[in-house]
Structure formats: structure tokens, C-alpha cells
Amino acid sequence: MDNYPLLDIFWTMLELFLWILWFFLLFKIITDIFRSHDMSGWGKAGWLILVILLPLIGVLVYVIVRGRSMGERDLAQAQKNEAAFKAYIRDAAGPEGAAGGGGAGRSHVDDLAKLADLKASGAISEEEYQKAKEKLLV
């Protein structure tokens, strides 16, 4: 390490960072080529050959020509993933109206809030509140 100056260490780190960045961009573009539904199979094959055989030129041309649609596809995929996640959360939380004795559109949370209001107003005792709460949560 005595003959490897600090500036060379920084230069090596920069080269490594740029190398990783280059591979990230290359894989991102290859993924986008296969994900694109508005291109034919021959178009995908042409872009893939260009990106693999002439990587620097192919990547730059692809980003210039299809960069905007690449961003739109990323946005659409992110929205699709978010909608799927929200649907999963909604499904995991349980269907609406699944609370025991509740009407349509009511949930456990609504029933628990109503019980808390009844207890706070003195309409039910602490024991009745605990029994009803246990019944709802089981």
C-alpha cells in the first residue's frame, strides 16, 4: 500500500462505481426491451442485438429514442404494484361487513369504536364492554 497513492484509490473507486452503474443501466434497458408491449418481436431482437454488440452506442440511442416511453412503463408498473399492494392489504384486513352482527359496510374498527362510545357514555359497563370486545375480536 505504500506505492498506491490516495488519488489512485479514489480513481479506482470511481471506476468501480461507474462500472456498476453501467451494468445497472444495461440490465435496466434489456429489461425494458422485453417489457415493452408496443414493440414487435423483430423490434425487440433488433434493439437487443444493438445493445449487446455495440453497447455504448446502443444504450445511448435507446435512451434517446425510447427514454420517455421507458419512464412511462416504469410509472405504470409502479402504479400496478401499488394497486396490488393496496388490494392485498384490503384483502388481509378482511372484507367489509365481516364484523359479527354488523350491517353492510361496517368493519371491526367501526364496531369497536361504537362499543367505546357506548362505554364512554355509560350505556354499558366495563364487563359488558370487555365481553362484546372479545366477541368481536374472536
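Helices are runs of at least four residues assigned H or I by DSSP, and they are numbered from the N terminus. In the predicted model described here, Ile-49 belongs to helix α2. The protein chain contains five helices and zero strands, and the order of its elements from the N terminus is α-α-α-α-α.

Of the 138 residues in the protein chain, 17% are buried. The accessible surface of the chain amounts to about 10,700 Å², and carbon and sulfur atoms account for 68% of this area. When contacts between residues at least 6 apart in sequence are considered, 38% of them join residues at least 24 apart.

Ile-49 is also one of the residues of a nonpolar patch on the surface. The other members are Ile-52, Leu-53, Leu-54, Leu-56, Ile-57, Leu-60, Val-61, Ile-64 and Val-65, and together with Ile-49 they have about 1,000 Å² of accessible area. At least two residues of the patch come from α2, and at least two come from α3 (55-93). The most is given by α3, which supplies six residues.

Helices α2 and α3 are also linked by aromatic residues. The structure holds three aromatic pairs. In the pair formed by Trp-47 and Tyr-62, the ring centres are 4.9 Å apart and the planes stand at 85°, so the arrangement is edge-to-face. Because Trp-47 is located in helix α2 and Tyr-62 in helix α3, this pair ties together parts that are 15 residues apart in sequence. Both Trp-47 and Tyr-62 are buried. Elsewhere, Trp-19, Phe-23 and Phe-27 are joined into a cluster by ring pairs.

The loop between α1 (6-35) and α2 (41-53) includes Ser-36. The relative accessible area of Ser-36 is 0%; residues under 20% count as buried, and Ser-36 is therefore buried. A polar contact of 2.3 Å connects the side chain of Ser-36 with the side chain of Asp-38. Apart from neighbours within four places in sequence, the residues in contact with Ser-36 are Lys-44, Arg-66 and Arg-73.

Note on methods
Residues numbered from 1 in each chain as written. Predicted model: local features only at pLDDT ≥ 70, side-chain atom pairs only at ≥ 80, totals over all residues. Heavy atoms only, no water. Buried < 20%, exposed > 50% of the residue type's maximum accessible area, 1.4 Å probe, protein only. Contact = heavy atoms within 4.5 Å. Areas by Shrake-Rupley, 256 points an atom, 1.4 Å probe, with all protein chains shown as cover. Polar contact = N/O pair within 3.5 Å; in protein donor to acceptor, adjacent residues only side chain to side chain. Patch = residues over 30% accessible without salt bridge, like charges linked within 9 Å, V, L, I, M, F, W, Y side chains within 5 Å. Salt bridge = Lys/Arg side-chain N within 4 Å of Asp/Glu carboxyl O. Phe/Tyr/Trp six-rings, centres within 6.5 Å; stacked < 30°, edge-to-face > 60°.
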